[in-house]
Amino acid sequence: MIAITGARVIDPATGFDAVATVLLHDRMVAAVGAVAIPSDAEIIDARGLVLSPGLIDAGVFRADPAACHAGGITRIVLMPDQRPPLDDPALVAFAQAMGKPDVWVHPLVAATRDLAGQELAEIGLGQAAGAVGVATGRHAIASSAVMHRLLAYSRAFDMTVVSHAEDPALTAGAVATEGDYATRLGLAAAPAFAEALAIARDIRLAEATGARLHLRQVTTAEGIDLVRAARARGLAVSAGVTPAHWLLNETAVAGFRSFARLSPPLRSDADRRAVEAAIGDGTISVIASGHDPRSQEEKRLPFADALPGMAGAETLLALALSLVRNGTLSLAAALKTMTATPAALFGLPGGTLAVGAPADIILFDEQAPWRIAGDRFIGAGNTPFDGIPVAGRVRMTIKGGDMVWRA
Amino acid sequence: MPKLPNPVVVPGATPAGAHPFPHAHLLGLEGLQPWEMLYLLDEAEQWVELNRSSGKAGSAGAKHDNRLAGLTQINAFFENSTRTLLSFEIAGKRLGADVVNLGVSGSSVKKGETLLDTALTLAAMHPDVIVIRHGSSGAVQLIAEKLGCPVLNAGDGRHEHPTQALLDALTIRRRKGRIEGLTVAICGDILHSRVARSNFQLLAALGAKVRVVAPPTLMPPHVEQLGVDCFTSMDEGLKGVDVVMMLRLQTERMDGAYVPSTREYFRFFGLTEERLRHAADGVLVMHPGPMNRGVEIDGRIADDIARSAVTEQVEMGVAVRMACLDVLTRTRRGVPGWPPVGAAR
């Protein structure tokens, strides 16, 4: 039995936010509140720290336990873009097992064979093997007919379909968002509305089929408006984003910094501000790291030749806390985007401090200042936030009742 | 977004106390001061004269100068080129450098070596100046960061081609007597053109007004933010201009990809005798080459030496490149007054 005392306890699932004692027993949450501490309990004094359920990172490209623990992440929703892609139940089962016990991996099964966007993969068998949803991968499915069938078919299994919203033809070959910045640098660029086109199609198809659609990254004002309108109509549409798209804009690619080569590409500042506002009003309800570690060989290349993606697990919490400091979200609401909301979307255990929930707990110092330095990361250091000062440090990560990280 | 005014800078001499060219590399024209560009142009003039001389080797009037003797110049071209490579090779040889060419076919990039490994390999051979062309925007800058010697950008992707813009400016200045106050129309495939981007920087810095004329599919988005005026009609765009710069339309971009056909392109965007009448008297016609006669330019205009400066551009190219090679290696050669005084660029 473990008793954590003195922390500001936040349960985003219920809105509970008070200094309280949390008891963990038998790898589960046993009690929260003003409870008597059993004499045999190991006591962790957490005065001055915030206690929250472990973060659930909805949409990462690699299971990276060490980086996750340092970032307070106890569960990840793994994209099917693996080698080979998770388009087969055996591969899904393997992916699901590979993180245990350190970090639980909840795989998404590939929507189509080899993620080629043509033939449906065995998503029902994938679900039986442990997949918590279906994903189109790094790219949208070009064919509206295939996407239509995918959404219709997934509904029978009540699986959330995770889509990448960029029109594939318009964005083919593009590495930046159209604008004077890309023009100045001579980078092949696609219009920002390529996202809205894809979102409009996917929302319409979701409406026609009644499927549950999650747009993993919505990064433009126009795309956000479509999601907002769809949610207002009561459709089962949700949207996510990664810190890059509310903290950085297209100017971050100055000097051809390939660490700022992302997919979707960084947008104009008007779009960046729209993303921030959409997080504030709940249109974007999921914040994920998009963790996509890349080697030097994949990033130390001319901008257009470098692979997109950023390492994000270790910086997720600190960057998300910037939304609390600038008044966009309360601390409980910010944590909810990384715990209870993704848990509900994919039907995962965790993300809550309810009695009987898994003992996935983090303790963090909301104010602790540090400077992001990619070369000091535990995992790959391809972060576009290199050198940026942040506040918020994970002090302890407890996974299934075991302490796996302490700093 | 508000449109930025086209800044008209009256170029002048190097201000007192400023170094004429405080840069380790020539990666682009963006960020250079107007007087630094003019300095390179002024330096090039002497080489124009030298290149025109016809004396025997060793005699006073020979097309040769020994100032780069003993220095190694590598021309690393990761993208095919004939004329630019030749121009840099001749420029280096006229200055006495030992010039080595690394072509795309002979490069180990084909064998899977990464660009940075290639850069380190080149650096280990202790070159004194490297000229690089690469198909990706920003690639030359990336390599320059790994090399301990001056780097000259001979074209990176769609980004910049600084020596081309400098030779264009030198050509204009010699023909027109000035650059300031002129109106220059750059016509054709602006979207894929690094020549156009370098020329925007240079011409704006030296006080010319720049127009771009292209079909909308070949116009870079938001290009007006770079301080140029956009036209989709040749007749409108050419009205009253002093200089017309035609750009090459790559074959792979014809036939339906960006324009329906070459004949339609020529009909609406080709430079013809009729269209040229909209321009100012004494208009100068330029083309970075190689030309597609009958696609972007009528052959008769290209051949009219009173108006066309096409061959002169090639001539100025060698002179400008000699000036750049000379200026960038001065620190290395211990020329008095030439430690780089500013940040490396």
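Helix α12(A) is mostly covered, with nine of its 10 residues buried; buried means under 20% relative accessible area, exposed over 50% and partly exposed in between, using a 1.4 Å probe and protein chains only. The buried residues of α12(A) are A:Leu316, A:Leu317, A:Ala318, A:Leu319, A:Ala320, A:Leu321, A:Ser322, A:Leu323 and A:Val324. Just after α12(A), A:Gly327 has a positive phi of about 85°.

## Basis of the model

This is a predicted model, in which local features need pLDDT of at least 70 and side-chain atom pairs count only at pLDDT 80 or more, while totals for chains, interfaces and linings use all residues. Residues are numbered from 1 along each chain as its sequence is written, chains are lettered from A and ligands numbered from 1 in the order in which they are written, and side-chain values use heavy atoms, with hydrogens and water left out.

## Chain A as a whole

Chain A contains 14 helices and 18 strands. Helices (H or I, at least four residues) and strands (E, at least two) are DSSP runs, numbered from the N terminus. The C-alpha atoms of chain A fill a box of roughly 65 × 45 × 40 Å along the principal axes.

Of the 407 residues of chain A, 60% count as buried. Its accessible surface comes to about 14600 Å², and carbon and sulfur atoms account for 53% of this; the areas come from the Shrake-Rupley method with a 1.4 Å probe, and for residues only the protein chains shown count as cover. Among contacts (heavy atoms within 4.5 Å) between residues of chain A at least 6 apart in sequence, 69% join residues at least 24 apart.

## The parallel sheet

Eight strands of chain A form an open sheet with parallel pairing, in the order β6-β7-β8-β9-β10-β13-β14-β15. Its edge strands are β6 (55-60) and β15 (286-287), each pairing on one side only. Two strands pair if DSSP finds at least two bridges between them. Strands of a sheet pair through backbone hydrogen bonds, either parallel or antiparallel.

Strands β6(A) and β7(A) pair in the parallel sense over five bridges, and A:Asp57 has A:Ile76 in β7(A) as its bridge partner. Strand β7 (residues 73-78) of chain A is largely enclosed by the rest of the structure, because six of its six residues are buried. Strands β13 (residues 213-215) and β14 (residues 237-241) of chain A pair in the parallel sense over three bridges. There, A:Leu213 stands opposite A:Val237 in β14(A).

## Two loop residues

A:Phe303 sits in the loop between α11 (296-299) and α12 (316-325) of chain A. With a relative accessible area of 2%, A:Phe303 is buried. Not counting residues up to four places away in sequence, A:Phe303 touches several residues, including A:Val175, A:Leu187, A:Phe256, A:Ser258 and B:Ser137. A:Phe303 and A:Ser258 are 45 residues apart in sequence, and their C-alpha atoms are 4.9 Å apart in space.

A:Pro101 is in the loop between α2 (89-98) and β8 (104-110) of chain A. A:Pro101 counts as exposed because its relative accessibility is 59%. A:Pro101 and A:Gly186 are 85 residues apart in sequence and 47 Å apart in space, C-alpha to C-alpha.
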